[in-house]
Amino acid sequence: MNHSDNSDHPQLPTIKIRHPSSPHHPSSAATPTPTAGARRKIGVAVDLSDESAFAVRWAVQNYLRPGDAVIVLHVSPTSVLYGADWGPLPHTPQSAETPESQKQIEDEFDAFTASKVADLARPLKESGVPFKIHIVKDHDMRERLCLEVERLGLSAVIMGSRGFGAEKTGSDGKLGSVSDYCVHHCVCPVVVVRYPDDKDGGSGEPVITIKEAEVEEEASKDA
């Protein structure tokens, strides 16, 4: 992302897009972050879908406590032409003829992603909740989400049940592939929020699934 993009949007929070790196060599934070000193660090995993936006609002209204801080976590696809629910960028060619044009497409996509994630985080800003945006790039969204949850030391992670790629929850109400994977592999409790729709009987109430972490329990048994 060019420095000129930041000057055009001075109101947006600082956003860092990280490429895949080894979990054995985490980068060190040079300056304190808005989440430093929080009693709990709560992650909200977003994929830029409407259900992710609902999950952020639900967290603000129902889950967050005084003293909490939020990390809005997004895994962006390594290819800008595939894997995104919202499709390719408008007027974006389906193939890049030169490295320079490919770089331009990726820069535009990064700027688009950062802007969309910042929009999703607006309820946090309006409610005065300390937060930061954490964007990484990887081809495997499910595994990378769980890796970042562990690396960031989150107390819990909240996410929608649909979106996160082509495989979405069906009419049977089962979780989508990404949320289901996180429920079974994340080291902290996972709260899955399903957006209420017509098949819920018009109650307008979200369907909440909470999965407590089993890692500590398994470790105690091994001891």
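View 1. Phe-112 is partly exposed, because its relative accessible area is 25%. The cut-offs: buried is under 20% relative accessible area, exposed is over 50%, and partly exposed lies in between (1.4 Å probe, protein chains only). Phe-109 counts as buried, at 1% relative accessibility. Both Phe-109 and Phe-112 sit in helix H3 (residues 99–120), three residues apart, or about one turn of the helix. Helices (H or I, at least four residues) and strands (E, at least two) are DSSP runs, numbered from the N terminus.

This is a predicted model: local features need pLDDT of at least 70, side-chain atom pairs count only at pLDDT 80 or more, and totals for chains, interfaces and linings use all residues. Residues are numbered from 1 along each chain as its sequence is written, and side-chain values use heavy atoms, leaving out hydrogens and water.

**View 2. Aromatic pairs.** The structure holds two aromatic pairs. In one, Trp-58 and Tyr-63 are tilted, at 6.2 Å centre to centre and 35 degrees between the planes. The Phe-109 and Phe-112 ring centres are 6.4 Å apart with planes at 40 degrees, so this pair is tilted. Rings of Phe, Tyr and Trp (its six-membered ring) pair if their centres lie within 6.5 Å; planes under 30 degrees apart count as stacked, over 60 as edge-to-face and the rest as tilted. Trp-58 counts as buried, at 11% relative accessibility.

**View 3. Leu-48 in a loop.** Leu-48 lies between strand S2 (40–45) and helix H2 (50–63). Its phi is near 75 degrees, a positive value in a residue other than glycine. Most residues other than glycine have a negative phi. Leu-48 is buried, at 10% relative accessible area.
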